[in-house]
Amino acid sequence: MDGKLLKLDYDAIVALAAVVREGRFDLAANSLNVTQSAISQRIKQLEDKVGSVLIVRGRPCVPTEAGLHLCRYAEQVELLQHELNDRMNALAGTAGTVAAQIRISVNNDSLATWFPHVIKRAKNELGIRFDIFPDDQEHTETRLKTGEALAVVTAIETPVQGCRRVSLGAMDYIAVASPEFFEENFPDGVSLKSLENTACLAFDRKDTIQDQWMMNCFGETVRVLTHMVPSYEGYVACCVNGTAWGLVPSVAARAYIERGELVELSPENAVRVSLHWQTSTQSSEILRRLGDLVLEVAKEYLSPDMYREE
């Protein structure tokens, strides 16, 4: 690049975004109803124009940093086109356009509890289709930094550079186990001694909420025998069937407790995880409206939090 304003072929950028989205050239070609050769030629011409590799070929194909910038541009243009079409149709008195697709990252527990209400309302009220990356709440903001997502639900309080943060509230996690597991492992009550070497659940190796709960209860932690269960449904099922104890969002756990399928290990203790909505400060109108909807739904299901918008 020589510092001059680049004049890029938008069809080539769309082809690049399709390869990143689908992970393969052939699937990208199918999604755009063109040949795989056409996709390859467009991306090669775009790379020549930019003077940089944009896709690391593989299975899946992954974008370089330059490729991510162009993908983010393509998504923002698509949203702006969607908004413009809606305005023009409104002026003409005709029906709205097809739904806009928005790539976001949402933590797994929100996705399994309250966020489906957002998906339903966003479809009906805003005409949005979602492409959602699930992840741990401590790591969803990485998708925003890399440009893979236009917005995220995250536990990270500090806004990503160039983004705004809105506090959604807090998700409370409580330690639970089946009645049978509780009676077998904690006949004299829950203590550090009785917790040591018990079977415990974690979502994955990034999940440290069990240690957070022990620190809240006892000021220190002990060694537990951890099962990695990277599925919300599987995690809860393992609690219910007596495999191990684990930390489950209270919004979901209460129904199991009321039915007698789970008991709480320490009713006076919970781990409170603050959740935030982050998106670019230069986001489109439809993203701003989505943020308002996310906050409205979150207030129904999450505990109040002290943080303000930044």
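A salt bridge here is a side-chain nitrogen of Lys or Arg within 4 Å of a carboxyl oxygen of Asp or Glu. Arg121, Glu125 and Glu296 are linked in a network of such bridges, and by this rule the count comes to eleven salt bridges.

Some notes on the model come next. This is a predicted model, in which local features need pLDDT of at least 70, side-chain atom pairs count only at pLDDT 80 or more, and totals for chains, interfaces and linings use all residues. Residues are numbered from 1 along each chain as its sequence is written, and side-chain values use heavy atoms, leaving out hydrogens and water.

Here are three of the pairs:

| Salt bridge | Closest N and O atoms |
|---|---|
| Arg21 and Glu22 | 3.5 Å |
| Lys44 and Asp48 | 3.0 Å |
| Asp172 and Arg272 | 2.8 Å |

Strands are DSSP runs of E with at least two residues, and helices are runs of H or I with at least four, numbered from the N terminus. Lys44 and Asp48, by contrast, both sit in helix α3 (residues 36–50), four residues apart, about one turn of the helix.

How open are these residues? Buried means under 20% relative accessible area, exposed over 50%, and partly exposed in between (1.4 Å probe, protein chains only). Asp172 counts as buried because its relative accessibility is 15%. Lys44 is partly exposed, at 44%, and Arg21 is also partly exposed, at 34%.
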